[in-house]
Amino acid sequence: MKLKKLMHDFLQDYLDENKIEFSEWGVNVNNQEGFGDYSSNIALKLAKILKKAPIEIAENIAIHPNASESVFTLSASQPGFVNFHISNDYYLKILKQIINESENFGKKKKLNKSANVEFVSSNPTGPLTVGHGRQAILGDMVSNILTWNGYNVTREYYYNDAGKQMRVLAESCYAKYAKQVGRDVEMPENGYVGTYLDEIAEKIVNEHGKDLESDNPIFRDFTEKEIFANIENTLENLGIKFDVFTKEGTFYKNGAIDNVLKILKEKNLSYEKDGAVWFKTSSLNKEEDKVLVKSSGEPTYRLPDIAYHADKVDRGFDLIVDIFGADHIDTYPDVILGLKCMDKKTEHIKVVIHQFVTIKKGGEIVKMSTRKANFITLDELKDELSSDIIRYFFIMRGANSHLDFDLDLAKDESEKNPVYYLQYANARISNLLKRYDKEISTDSKIDYSLLKEKDEIALVKLLSEFPVKMEDVLHSLEPRKIATYLEEVAAAYHKFYGNHKVINSQNTHLSSARKKLCEATKIILTNGLSILGISAPERM
RNA sequence: GCCCCGGUAGCUCAGCUGGAUAGAGCAACGGAUUUCUAAUCCGUAGGUCACAGGUUCGAAUCCUGUCCGGGGUACCA
């Protein structure tokens, strides 16, 4: 980051010196060889304004007095790029810094800012599915990213303990119970038929006897408790823990829902029609109005969601992140709109949408529905795959892309999973460091300047980009980008490792410097993996 | 119909705030192990970045249209 500033300052100085007011330019990392480490398009952009050939301007900039000569030198290249060649010295300083700051390298200091991340939020009507898994992993990693960047993060799970779904669940459970005690009761329409309910019904028989009537609250409360315990357990197996669980019912009891209705009515943004209460979204640039309270008197999900979000806003977080599945794309704007109508702040609410997961089994796509019980649960997945692999699998694609989770492939090819590539790099280093200590001693003063091989410098350059990557990720909230970066780091390390020997008793000075490079790589890998919640084993 | 995602190598995908020669893994083929963990590395081969226009000095990236695939369009959540 400091580097970027130096480069910007240099270019800005050129502009100031020549009295040019212009800001439509940038500096980019160069991945291709031969054009320096970074380059700017400033000359290309200036060409039109100055009415000069871009290459001429670039050459002019390249000979502009450079106050940061120890950090970079300049060159110009066709068709008019200004190239920055960073000195090895600069990179080696960063290397030293990585070693010194270790697990804090690239980490932001505590900001005294708070963030709330809401995710999973699956209603306790059944075990979590693989689809929920994507959201769980994504939410957990987003939380880690925010923590890493200095936020004090609250992980929140919001669920509906009060609506129609839970009623149907209770009825379904009763139907299962009735069957077990020999009563003839039909499964309700759209009931839940999963075998997990049979097990719960059996437990009810064992613990509460066979004489319960259909209206006994046990069928709802016991079932909810059982399922929820199962959900928490599933999440914990993946290393995910929530700080706060919020029940929808709370907002009925404390009057928040009535309050939303009251405010909207006062503002003339709601009305009654056909026995239902409507949100006049058409007057707010929406195509049609939406129902808030059904004619049956039950609110739609929209209303409690608005009350819930208003509550989150009132709790004063500096940042609110909602992780939603693609099915919420159309609905969250209504909630935001509701908040605006209540004069609540909404600019600090970020929504991360992820596309769905489809499961491939035996080469075929499995359509999943909790009601129909043909889903694959997260637990089942966990039985076959490690938490590390599951975590990595779910972020192998960007959140905004569909994810085909090929179960057979995940099992068969677990040896080839890219997560092993990262972990192996770390294990290799760990082993090397152990051997190093046995075989030779480290110099008391390290001469970093001995590192000048191409592979060495390329690796350090990559390592030095870690803080910038982490800052990028704070904006995109896309864990996939960390994984991509770490894969690059691992590749650069494996390459270095293959071409250069670290332990060499004939040249302990060079060995000592290379050892430090290994240590720094390990630090970056460990830090990155910790954000992803993936282990960094010492041996494999 | 309308809305949201996606279409890049045989397969799975990176790259997308416009930048120089479009990358990786798998699969195929050929190499590297008396040497710090070969779960690795090196090399060969593989491309009309869906298609057509447009903007630009410059487009996989931005805009428009078309085609194909997925999802959403409830007084379900």
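Across the interface of domain 2 and domain 3, the rule finds 8 residue pairs in polar contact, both residues at pLDDT 80 or more. A polar contact here is a pair of N or O atoms within 3.5 Å; within protein, one must be able to donate a hydrogen and the other to accept it, and residues adjacent in sequence count only if both atoms are side-chain atoms. By contrast, the count of salt bridges between domain 2 and domain 3 is 0, a salt bridge being a side-chain nitrogen of Lys or Arg within 4 Å of a carboxyl oxygen of Asp or Glu.

Colleagues, this is a predicted model: local features need pLDDT of at least 70, side-chain atom pairs count only at pLDDT 80 or more, and totals for chains, interfaces and linings use all residues. Residues are numbered from 1 along each chain as its sequence is written, chains are lettered from A and ligands numbered from 1 in the order in which they are written, and side-chain values use heavy atoms, with hydrogens and water left out.

Let me set out the domains. Chain A is assigned domain 1 (2-85), domain 2 (113-252 + 300-414) and domain 3 (417-532); the bounds come from an automatic or database domain assignment. The C-alpha centres of domain 2 and domain 3 lie 39 Å apart.

I return to the interface. In contact there are 24 residues of domain 2 and 23 residues of domain 3, where contact means heavy atoms within 4.5 Å. About 2000 Å² is buried between domain 2 and domain 3, and carbon and sulfur atoms give 64% of that area. Buried area is the accessible area (1.4 Å probe) that two parts lose on being put together, summed over both. In domain 2, Ile145, Trp148 and Tyr392 lose the most area to domain 3, together 35% of what that side buries.

Which elements supply the side of domain 2 that touches domain 3? Helix H5 (130-148), strand E12 (349-354) and helix H14 (387-394) each supply at least two residues. Helices (H or I, at least four residues) and strands (E, at least two) are DSSP runs, numbered from the N terminus. The largest share, 7 residues, comes from H5. By class, this side of domain 2 divides into 15 nonpolar, 4 polar and 5 charged residues. Ala, Val, Leu, Ile, Met, Phe, Trp, Tyr, Cys and Pro count as nonpolar, Asp, Glu, Lys and Arg as charged, and the others, Gly among them, as polar.

Lysine 5 is exposed, with a relative accessible area of 53%, whereas aspartate 9 is partly exposed at 39%. Buried means under 20% relative accessible area, exposed over 50%, and partly exposed in between (1.4 Å probe, protein chains only).

Another salt bridge pairs aspartate 334 with lysine 290 at 3.2 Å, N to O. This pair links distant parts of the chain, 44 residues apart: aspartate 334 lies in helix H12 (residues 332-341) and lysine 290 in strand E10 (residues 290-293). Aspartate 334 is buried, at 1% relative accessibility. Elsewhere, salt bridges that share partners join Arg220, Asp221, Glu224 and Lys247 into one network.
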